[in-house]
Amino acid sequence: MSQPEGIAKLTWNDPTTGERHEFVLVEGASASIGRSPDNNICIPERHVSRGHAIINFRDGVFTITDLGSANGTYVNDRKISGPYVLTDGDVIRLYVPVLHFSAIVSEEELDRAYKTNTAIFPAKGLGRPRLVVTHGPQEGVEFILKEDTVTIGRITADATWEITLNDRAVSRPHCRLRFQNEVWTILDLASANGTLLNGEPVSATPVPLNDGDVITVGETTMLFRLAAV
């Protein structure tokens with residue numbers, strides 16, 4: 001089997017059963033990690049948040065970003081505060097559970113991942129994308145982007161935006177997502193506290209969105225996920 005370019009491997013051992021889990025990330029893939037079974041990598045451990053962290057492949061490198069988890073994400077025992085570039089041999093700790101990142105994947109490991117459905121591929125984006133709230137008052141809520149233009153703002157009695165957030169730090173309205181020319185973008189609507197995309201401020205100029213991007217508005221963190229099929 002020919003090996004795709006830009007792949008990596010994540011392994012972790014279940015501290016309760018001792019079982020070894022192994023996942024292979026293919027170039028372009030985004031892998032969410034958390035306690036919820038909806039994640040690409042589910043770690044059912046009480047110290048792990050429902051949506052804890054996301055690993056993305058961007059500009060030829062893999063990065064990991066914390067999703068506002070309760071107990072934080074650590075790489076080589078240093079707590080990360082924004083997208084962190086991963087290198088071969090890095091040790092990722094989700095407070096208690098430990099994962100090992102490897103940039104070297106053998107053909108045998110790749111073949112095994114295909115056969116056991118533990119290979120993580122890029123989302124195809126053929127269906128409607130969703131926003132998953134990973135931190136904030138509505139943690140765990142998912143919003144399906146049913147329209148091509150979606151405005152996000154604070155919940156009010158007369159709110160007309162498509163997504164309303166119960167977050168006093170969110171403006172009314174706050175930001176807007178739009179699907180145009182086969183690309184989703186995000187822009188800020190002159191909000192009081194700003195909009196962050198992967199830790200960087202967003203202006204009134206539309207910025208393209210990719211699967212696995214992290215959006216922060218007020219005290220709310222959301223994960224942008226394209227449809228897998």
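**Exercise 1.** Find where Glu182 sits in this predicted model, and decide if Glu182 is buried or exposed.

*Solution.* Start with the place: Glu182 is in the loop that runs between β17 and β18 (183-188). Next, take its relative accessible area, which is 69%. The cut-off for exposed is over 50%, so Glu182 counts as exposed. Finally, look at the backbone: phi of Glu182 is near 70°, a positive value in a residue other than glycine. For context, most residues other than glycine have a negative phi.

**Exercise 2.** Which residue does a cis peptide bond join to Pro173?

*Solution.* It's Arg172, and omega there is about -5°. Then locate Pro173: you'll find it in the loop between β16 (163-165) and β17 (175-180). Keep in mind that most peptide bonds are trans.

**Exercise 3.** Work out the strand order of the open six-stranded sheet, and say which strands are at its edges.

*Solution.* Go strand by strand: β14-β13-β23-β22-β19-β20, with antiparallel pairing. The edge strands are β14 (142-144) and β20 (200-202), as each pairs on one side only. From one strand to the next, the twist averages 30°. Now zoom in on β19 (residues 195-197): three bridges link it to β20 in the antiparallel sense, and Thr195 has Val202 of β20 as its bridge partner.

Conventions:
Residues are numbered from 1 along each chain as its sequence is written. This is a predicted model: local features need pLDDT of at least 70, side-chain atom pairs count only at pLDDT 80 or more; totals for chains, interfaces and linings use all residues. Side-chain values use heavy atoms; hydrogens and water are left out. Two strands pair if DSSP finds at least two bridges between them. Helices (H or I, at least four residues) and strands (E, at least two) are DSSP runs, numbered from the N terminus. Axes are lines fitted to C-alpha atoms, for helices over the stretch in contact, and angles run from 0 to 180 degrees between N-to-C directions. Buried means under 20% relative accessible area, exposed over 50%, partly exposed in between (1.4 Å probe, protein chains only).
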